[in-house]
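Me: I'd like to go through how the two chains in this model pack. Can you take me through it step by step?

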Amino acid sequence: MTDSRSLEYPSTEESIEQMLDDLNVLLDDSHVTAEERNAFLLAVSEAFTNAIVHGNGLKPGKEVKLTLRIKENELSADILDEGQKGLEQIRQRKPSAPMDEGGRGIDLIEHYATAVGYMETDTGGLRVSIRVSRKTETCKENI
Amino acid sequence: MKIKVKDEGQVTVLSLNGRLDLATGAGLKEEIKKLCDKDSTRIHLNLEEVDFINSSGLGALVSVMKQIRLKKGRLTLSNLAPYVREIFDITQLAHVFEIFETEQDAITSPAVVTS
């Protein structure tokens, strides 16, 4: 069984708080473990913040589209922005230095997600697809 | 995010409650700026009630540390939840910040002198 939601947000800092509230409500109804919740919240928040700030440049007229899917065996999200050259920026990113204030978001996504994919949309924006595997009862029994 | 401020002798303790991310990090930076402007530069952040932090929140903490160091001050952290501590470890920031188990440990700890 899949619980799926599609949401759209203006590119403002307030949308980040709103998205986290919305995602928490969805996860509350899904009996996820604390570990699954933390991993998914963090990975989605990083991609969403990047979309708002770097993709859409905090322009409220531009939207970030978020699709969330809660399945028995995985949590997944697609985050789409309306920016340009996002994929190029991902490819050209450099490791952050200890005293840098930014540049750690992608590393955190890649640490906490089971799988992550980056694609350019038809309009030149960036689509980030995130999957976090769940430890279902069936899986635990097989270990 | 809510921030409670109290004085513990020479140390100003800020207890943070809620999420530390892009939107709320700005409030923390503003609060630290006010303290630095008043020359309160021995600052401790108790993160016990921080239930979410991401790279933007980490960026805010790096920013306030730089601000405090510019004033020759000292920033310490304590009471990190295991999930928050893990994020500091993954990003290697556990080596950059002075992190203590408890607020009291941080307040009574001597400053590390580096050459």
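Me: What is the handedness of the crossing of α4(A) and α3(B)?
Reply: A quick note before the answer: this is a predicted model, where local features need pLDDT of at least 70, side-chain atom pairs count only at pLDDT 80 or more, and totals for chains, interfaces and linings use all residues. Residues are numbered from 1 along each chain as its sequence is written, chains are lettered from A and ligands numbered from 1 in the order in which they are written, and side-chain values use heavy atoms, leaving out hydrogens and water. A crossing is left-handed if the near helix is turned anticlockwise from the far one by less than a right angle, and right-handed if clockwise. For α4(A) and α3(B), the crossing is right-handed.

Me: Which residues of α3(B) does α4(A) meet?
Reply: Helices here are DSSP runs (H or I, at least four residues), numbered from the N terminus, and contact means heavy atoms within 4.5 Å. From α4(A) come Leu108(A), His111(A) and Tyr112(A). Their partners in α3(B) are Tyr83(B), Glu86(B), Ile87(B) and Ile90(B).

Me: At what angle do α1 of chain A and α1 of chain B pack?
Reply: Axes are lines fitted to C-alpha atoms, for helices over the stretch in contact, with angles from 0 to 180 degrees between N-to-C directions. Residues 13–28 of chain A and 22–37 of chain B form these helices, and their axes are 7 Å apart. The angle is about 120°.

Me: Why is α1(A) called oblique to α1(B)?
Reply: Under 35 degrees counts as roughly parallel, over 145 as roughly antiparallel, 65 to 115 as roughly perpendicular and the rest as oblique. The pair packs at about 120°, so α1(A) is oblique to α1(B).

Me: How much area is buried between chain A and chain B?
Reply: Buried area is the accessible area (1.4 Å probe) that two parts lose on being put together, summed over both. The contact takes 22 residues from chain A and 24 from chain B. Carbon and sulfur atoms give 60% of the buried area, which is about 2,000 Å².

Me: Which side chain meets Glu101(A) in a salt bridge?
Reply: A salt bridge is a side-chain nitrogen of Lys or Arg within 4 Å of a carboxyl oxygen of Asp or Glu. The rule finds three across the interface of chain A and chain B. In one with Glu101(A), the N to O distance is 3.2 Å and the partner is Lys66(B).

How values were computed:
Helices (H or I, at least four residues) and strands (E, at least two) are DSSP runs, numbered from the N terminus.
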